[in-house]
Amino acid sequence: MNRVVIWQRVEGAVVFFAGIWIYSALGGGFAWWLALLLFFAPDLAFAGYAGGPKIGAAVYNLVHLYAFGLMLLMLGSVIGNGGMMALAALWLGHAGFDRMLGYGLKTDAGFGHTHLGPIGRNR
């Protein structure tokens, strides 16, 4: 594994823990089971692959960008919606969690090809 990938995985861990900390600092707001479901909800974006690898990668990447969670967090703050902010913190944490584990942003080559390298059977 090259050093850039290691650094990106470490960064993912930091974002994961920061997202969970933000969620906790906001007072949570969801039952533990719902928080767990919401944490993994961004992975439903893989359904975009029903439209092919280009559409799938675009949809998956959109909801797995750190910026998506941050924008949702800022929007929730601006409109004063604590539930949206809590959801955004979980969403941001999820993106970091995926990167920490080596599941990067997808390429047009297919779900198993990421900016952090191949995953699954492609390894």
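Predicted model: local features only at pLDDT ≥ 70, side-chain atom pairs only at ≥ 80, totals over all residues.
**Note on helix α5 and its neighbours**

1. Helix α4 covers residues 66–79 and helix α5 covers residues 82–100. Their axes come within 8 Å and cross at roughly 165 degrees. Angles over 145 degrees count as roughly antiparallel, so α4 is roughly antiparallel to α5. The crossing of the two is left-handed.

2. Now look at the residues that meet. From α4, they include Tyr 66, Phe 68, Leu 72 and Ile 79. From α5, they include Met 84, Leu 87, Trp 91 and Arg 99. By type, the residues of this α4 and α5 contact are 14 nonpolar, four polar and one charged.

3. Next, turn to α1, residues 3–25. Helix α1 packs on α5 at an angle of about 160 degrees, and their axes are 7 Å apart. These two are therefore roughly antiparallel as well. α1 and α5 also make a left-handed crossing. Among the contact residues are Gln 8, Arg 9, Phe 16 and Tyr 23 of α1, with Ala 86, Leu 90, Phe 97 and Met 100 of α5.

4. Check the length of α5. It has 19 residues, so at 1.5 Å a residue it should span 27 Å. The C-alpha atoms at its ends are 27 Å apart, which agrees.

5. Finally, inspect both ends of α5. At the start, a side-chain oxygen of Asn 81 reaches to within 3.1 Å of the backbone nitrogen of Gly 83. After the helix comes Gly 102, with a positive phi near 95 degrees.

Key:
Residues numbered from 1 in each chain as written. Heavy atoms only, no water. Axes fitted to C-alpha atoms, helices over the stretch in contact; angles between N-to-C directions. Helix = DSSP H or I, 4+ residues; strand = E, 2+ residues; numbered from the N terminus. Parallel < 35°, antiparallel > 145°, perpendicular 65-115°, else oblique. Left-handed = near helix turned anticlockwise from the far one by under 90°. Contact = heavy atoms within 4.5 Å. Nonpolar A, V, L, I, M, F, W, Y, C, P; charged D, E, K, R; others polar. Expected span 1.5 Å × (residues − 1). Polar contact = N/O pair within 3.5 Å; in protein donor to acceptor, adjacent residues only side chain to side chain.
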